[in-house]
Amino acid sequence: MSLDAPRLDPQQTTGLTDMSPAAFRAAAHAAADLIADYLEGVEAYAILPPVEPGSIAPLFAAHAPEGPEPIEAILADVVRLVLPNATHWQHPGFFAYFSTSASGPGILGEMLTAALGQNPMLWRTSPVGTELEGVVVRWLREALGLPDDVSGLLTDTASTSTLIAIAASREAAGLDASARGLAARDGLGAPRVYASAEAHSSIEKACMTLGLGRAALVKVPTNEHYELEPDALAALIAADRAAGRTPICIVATVGTTSSTSVDPVAAVADVAAREGLWLHVDAAYAGVTALLPDRRGPFDGWERADTIVVNPHKWLFTPLDASLLLSRRMDQLRAAFSLVPEYLRTLDRVNPVVDYNEYQPQLGRRMRALKLWMQLRWFGLEGLRRRIAHHLAMAAQFAAWVDADPDWERLAPVPFGTVCFRYRPAALAGREDAPDVQAHLDELNTRLMDAVNRTGEVFLSHTRLAERFTIRVAIGNLRTEPRHVERAWELLRAEAAALNRAGAAKPA
């Protein structure tokens, strides 16, 4: 071994504890440099790596190493093997799904969270983790313009937050499922949960997980803007009651996953109040826009909800994972999940404590509050509002380009930062509903999106709206600038022109 070759830490060769503080300091500096270099040069990567399923695992050793390896070699393999084969969510051209971009202060918060190793399942297992979570929840609740009677907690994702909300609705409806199970509901009919036909799949999955079954979910029809119809909701509830079923919960969505449509929350809240049903508002994607007081119109009525979910790890630039579950009825959340064996009881404190494990399925919990606290302080609410408003403006500009071009068609309103559209050559205008033209447009846009994604410069995803293949551009990445949005539009038009020249733009 040469004198300049990496050396092993003595703890690796003969030690019985962790790497030494000196070795950690040097490795941490190297890792921080790697992270900073990656964020600085992320645009150089193709967002989607040019690989096929099964091609990456063979690049790694087939078996764990018997002996230790120097940190320099490990970090070098991160650069060599991990970075080129990752989907680059941090890339400013990432317009697929809903962006999950991690801010610098959030990344630092994750590093400190890992170092502290807190588990705020009980107050005593992390006093600061528990109480800082309450502080951060209060800060966010106030920033979103919600009333003082709303409290909450941090979970991992909206899927878990929604599951908790629907579990609480079971208890509030008197099913007593947490104690007796669903099989012992004396005189109660089959439970029902109501959500828009455009609602997220996590609602159906929650019904599956909670033992309600997929049949419990009633999908309410929507209007031409993909918004839930309150009259149809009321009629479905009445029909279920007449049939001896037991309605328990309504889910209203502000920012659906496909089109980002907005259910009329105030009207839905009226139905929920009249029927005595739990109201859960899914604002996982769009909720952060309520930080802007002049953009709170779509949220009118959400203050009447029993539970609300907003995901800071989407449009608030927080590293995965961080979901905010807010509720006016924390007692019902606790009734759904509280189980305190003797070994978890706190007996040595006079003041009452909050043990967050009693409000969720999991016992162990990550300390998610620290990174949010650091972000909120580093950006300030004003800085977060400025960035969200910037994304909203870029989305409005992209929508205007689509609307102004006769060869393109916008397929949904743009209440937030996502534009739904497709390539529809002007020559086909008016013929879209013909089966052969509809099939052709679906194939054409599939090919178009694939061609654009293969450039590696941008990443787009799709959905189906009114049975039409729909391309989505979701603008919410912290690093996205106007030039990246302009480049996405240039690539779309260029690839559409190439398909047209090849004759693909005409139906067979």
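In which order do the four strands of the open sheet stand? The order is S8-S9-S11-S10, with antiparallel pairing. This is a predicted model, in which local features need pLDDT of at least 70 and side-chain atom pairs count only at pLDDT 80 or more, while totals for chains, interfaces and linings use all residues. Residues are numbered from 1 along each chain as its sequence is written, and side-chain values use heavy atoms, with hydrogens and water left out.

**The sheet**

- Strands (E, at least two residues) and helices (H or I, at least four) are DSSP runs, numbered from the N terminus.
- Two strands count as paired if DSSP finds at least two bridges between them.
- Strand S8 (408-410) and S10 stand at the edges of the sheet. Each has a single partner strand, so one side of each is left without a neighbour in the sheet.
- From one strand to the next, the twist averages 40°.
- S10 and S11 run antiparallel and are joined by five bridges.
- Histidine 462 has isoleucine 471 in S11 opposite it.

**Helices across the sheet**

- Contact means heavy atoms within 4.5 Å.
- Axes are lines fitted to C-alpha atoms, for helices over the stretch in contact; angles run from 0 to 180 degrees between N-to-C directions.
- Helix H14 (residues 435-454) lies across S8, strand S9 (418-423), S10 and S11. Helix H14 runs at about 30° to S11.
- Helix H15 (residues 482-501) lies across S8 and S9. Its direction is at about 130° to S8.

**The loop between S10 and S11**

- Alanine 466 is in the loop between strand S10 (461-465) and strand S11 (468-474). Its phi is near 50°, a positive value in a residue other than glycine.
- Glutamate 467 is also placed in the loop between S10 and S11. Glutamate 467 is not a glycine, yet has a positive phi of about 70°.
- Is glutamate 467 buried or exposed? Glutamate 467 counts as exposed, because its relative accessibility is 59%. Exposed means over 50% relative accessible area, buried under 20%, and partly exposed in between (1.4 Å probe, protein chains only).
- Glutamate 467 is in contact with Gln438 and Asp442, leaving aside neighbours within four places in sequence.
- From glutamate 467 to glycine 297, the C-alpha to C-alpha separation is 29 Å in space and 170 residues in sequence.

**A cis peptide bond**

- Leucine 320 and aspartate 321 are joined by a cis peptide bond, with omega about 5°.
- Aspartate 321 sits in the loop between helix H11 (312-315) and strand S7 (323-327).
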